Amino acid sequence: MSETTETIFSKIIRREIPVDIVYEDDLALAFKDIHPQAPVHILVIPKKPIPTLADAESQDHAVLGHLLLTAKRVAKEAGLENGYRVVINTGDDGGQTVYHLHLHILGGRQLSWPPG
């Protein structure tokens, strides 16, 4: 899926849908997942609409790095000193349901492996 389409995350960025925002800057937005899969479950999204990680291009390298550093910052602020998992689901087989790139930060308990 390479075309850019309207998603729920586009509406969240525009503040049309309320969420519990934990971090925001010019490039990224982080908010608590409304269907948490762990005691701490935060999504980090780029404000630029990139449908999937597979759709990211070389000019997106700065925003991709920024998303990981944002995940690190948000995890620390959420008190995840004992560790956490960062997940990017890509495409249908990867379990992606919203086609706007997003990172899941999961923590607050021991996470099992394999994940699914």
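In this predicted model, Glu-6 and Arg-14 form a salt bridge, with their closest N and O atoms 2.5 Å apart. Neither end is hidden or fully open. Glu-6 is partly exposed, at a relative accessible area of 47%. Arg-14 is also partly exposed, at 42% relative accessibility. Glu-16 joins in as well: Glu-6, Arg-14 and Glu-16 are linked in a network of salt bridges. Side chains of opposite charge can pair when their charged atoms come close. The structure holds 7 salt bridges.

Another of these contacts joins Lys-48 and Asp-60, whose side chains meet at 2.4 Å, N to O. The pair links distant parts of the chain, 12 residues apart. Both residues lie in the loop between S3 and H2. Lys-48 has a relative accessible area of 40% and is partly exposed. Asp-60 has a relative accessibility of 4%; this is under 20%, so Asp-60 counts as buried.

Arg-73 is partly exposed, at 43% relative accessibility. Glu-77 has a relative accessible area of 52%, which is over 50%, so this residue counts as exposed.

Helix H2 spans residues 61–77 and also contains Leu-68. Leu-68 contributes to a nonpolar patch on the surface, together with Tyr-84 and Val-86. The accessible area of the three residues together is about 260 Å².

Strand S3 covers residues 40–46. Of its 7 residues, 7 are buried, so the strand is largely enclosed by the rest of the structure. In a regular strand the side chains alternate between the two faces of the sheet. In S3, Val-40, Ile-42, Val-44 and Pro-46 point one way. His-41, Leu-43 and Ile-45 point the other way. Residues on both sides of the strand are buried.

S3 has pairing partners in S2 and S5. Strand S2 (residues 28–32) pairs with S3 in the antiparallel sense, over 5 bridges. Within this pairing, Ala-30 stands opposite Val-44 of S3. Strand S5 (residues 103–107) also runs antiparallel to S3, and 5 bridges join the two. Here Val-40 has Gly-107 of S5 as its bridge partner.

Note on methods:
Residues are numbered from 1 along each chain as its sequence is written. This is a predicted model: local features need pLDDT of at least 70, side-chain atom pairs count only at pLDDT 80 or more; totals for chains, interfaces and linings use all residues. Side-chain values use heavy atoms; hydrogens and water are left out. Patches are made of residues with over 30% relative accessible area and no salt bridge: like charges are joined within 9 Å, nonpolar side chains (Val, Leu, Ile, Met, Phe, Trp, Tyr) within 5 Å. Accessible areas come from the Shrake-Rupley method with a 1.4 Å probe; for residues, only the protein chains shown count as cover. A salt bridge is a side-chain nitrogen of Lys or Arg within 4 Å of a carboxyl oxygen of Asp or Glu. Helices (H or I, at least four residues) and strands (E, at least two) are DSSP runs, numbered from the N terminus. Buried means under 20% relative accessible area, exposed over 50%, partly exposed in between (1.4 Å probe, protein chains only). Two strands pair if DSSP finds at least two bridges between them.
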